Amino acid sequence: MVQSDLDKAASLRDNLITKDGIPSDSETEAVLEAYQQIANNLMNPPDPAALPKDTSATSALLSIKTAAKPRPAVHAHSPIVDGASRKLSDLALSVLQHPPIFITPKILRRYVNLQSTLKRPETLPTVFHLYSTKPAPVDGSSPVKYNEVNPNKSANSIEAKMADLALQTAIEAKNLGTAMDIVDTTYNTKAFRRTKFIRKALLPVTGLALAPAAAYAVATQLSLYQTTMDPTVATNVAFVGILGYIGFTTVVGVVAVTTANDQMERITWATGMPLRERWIREEERAAIDKIASAWGFRQIWRRGEEEGEEWEALREWVARRGMILDRTELMEGME
């Protein structure tokens with residue numbers, strides 16, 4: 001049954017990439033959905049007695065009948081499953097690498113979920129790079145023409161949820177190199193940072209830019225409700241007072257947000273890192289913190305005793321990013 005499913009998966013891939021023109025998003029999604037069902041059956045073989053009696057659209061696409069003979073039990077870590085998962089992962093990658101196929105966020109989400117099910121994160125950094133750099137096919141062109149894309153555009157950033165799932169998959173697979181590459185191709189990109197700025201900082205910054213005009217308008221109205229000084233002087237006094245209050249409150253708020261460190265476990269910022277960098281790169285630091293926690297000792301009192309080539313490579317990689325792994329003065333018993 002495993003080989004039969006893989007043959008059908010290969011057939012679906014061949015049918016998709018041999019079509020003339022640009023495959024539609026729905027066609028690509030259908031293939032990935034079929035791959036997802038194969039992956040589910042491969043990694044979590046269903047109980048034959050619990051199988052539904054009706055077939056889904058994907059099952060029809062795969063021609064998998066519920067009346068077929070029960071699938072023999074296969075151990076999750078057996079060579080058969082390992083080889084089949086690798087083959088299915090390679091087939092899915094070849095689908096997304098096909099030049100005329102445009103990788104949409106929905107297609108990328110399906111791909112990440114598929115690789116998470118297969119527990120094969122090795123190809124995720126490659127696909128994340130493809131997502132932001134792959135030339136976009138021009139609709140209606142024959143032969144197919146392509147437009148270059150800007151990888152730094154916020155629209156080409158990887159969603160935080162997908163990046164988190166990919167990183168967790170790499171951690172569970174104990175693949176440190178892939179985990180590092182996932183951080184480089186998701187959190188540590190200009191597109192990701194621009195998206196964060198647009199979603200979380202653009203509105204407050206715009207409001208702050210308009211604050212002087214609003215403050216002057218309010219100060220002008222307040223000057224009309226007093227008779228102790230000239231209206232112009234009163235306006236200026238109120239204007240300065242309002243701006244001073246807004247400025248002081250803004251500075252206190254920014255410092256509080258950018259210097260918060262209660263969420264930090266093993267990775268902290270190096271001395272001298274600008275506050276704006278700390279805020280915009282917090283997701284990157286948190287991801288690296290998750291990696292360090294997964295590869296190091298779980299016992300807090302044993303932190304700092306880790307050794308080995310991988311751990312030293314991780315420490316050096318962290319240092320190159322303006323961060324510190326296990327700052328001595330913050331470790332337990334070293335205060």
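1. In this predicted model, Glu316 and Arg320 form a salt bridge, with their closest N and O atoms 3.5 Å apart. Arg320 is exposed, because its relative accessible area of 58% is over 50%.

2. A second salt bridge joins Asp184 to Arg321, the closest N and O atoms being 2.0 Å apart. Asp184 sits in helix H8 (residues 176-185) and Arg321 in the loop between helix H13 (309-319) and strand S4 (323-325), so this pair ties together parts 137 residues apart in sequence. Arg321 is buried, at 10% relative accessible area, whereas Asp184 is partly exposed, at 29%.

3. Asp184 and Arg321 also belong to a network of salt bridges that includes Arg193, Glu277, Arg281 and Glu284. Glu284, in helix H12 (residues 282-295), is buried, with a relative accessible area of 1%. The side chain of Glu284 makes a polar contact of 3.0 Å with that of Arg281. Beyond four places in sequence, residues in contact with Glu284 include Val183, Tyr187 and Arg321.

4. Arg86 and Asp82 form a salt bridge with closest N and O atoms 3.2 Å apart. The two are four residues apart in helix H4 (residues 79-97), which means about one helical turn separates them. Both are partly exposed: Arg86 at 39% relative accessibility and Asp82 at 35%.

5. Contacts of Leu167 beyond four places in sequence include Ala179, Ile182 and Ile291.

6. Phe197, Ile198, Leu202 and Val205 make a nonpolar surface patch of about 310 Å². Phe197, in helix H9 (residues 190-223), is partly exposed at 35% relative accessibility.

Methods
Residues numbered from 1 in each chain as written. Predicted model: local features only at pLDDT ≥ 70, side-chain atom pairs only at ≥ 80, totals over all residues. Heavy atoms only, no water. Patch = residues over 30% accessible without salt bridge, like charges linked within 9 Å, V, L, I, M, F, W, Y side chains within 5 Å. Areas by Shrake-Rupley, 256 points an atom, 1.4 Å probe, with all protein chains shown as cover. Salt bridge = Lys/Arg side-chain N within 4 Å of Asp/Glu carboxyl O. Buried < 20%, exposed > 50% of the residue type's maximum accessible area, 1.4 Å probe, protein only. Contact = heavy atoms within 4.5 Å. Polar contact = N/O pair within 3.5 Å; in protein donor to acceptor, adjacent residues only side chain to side chain.
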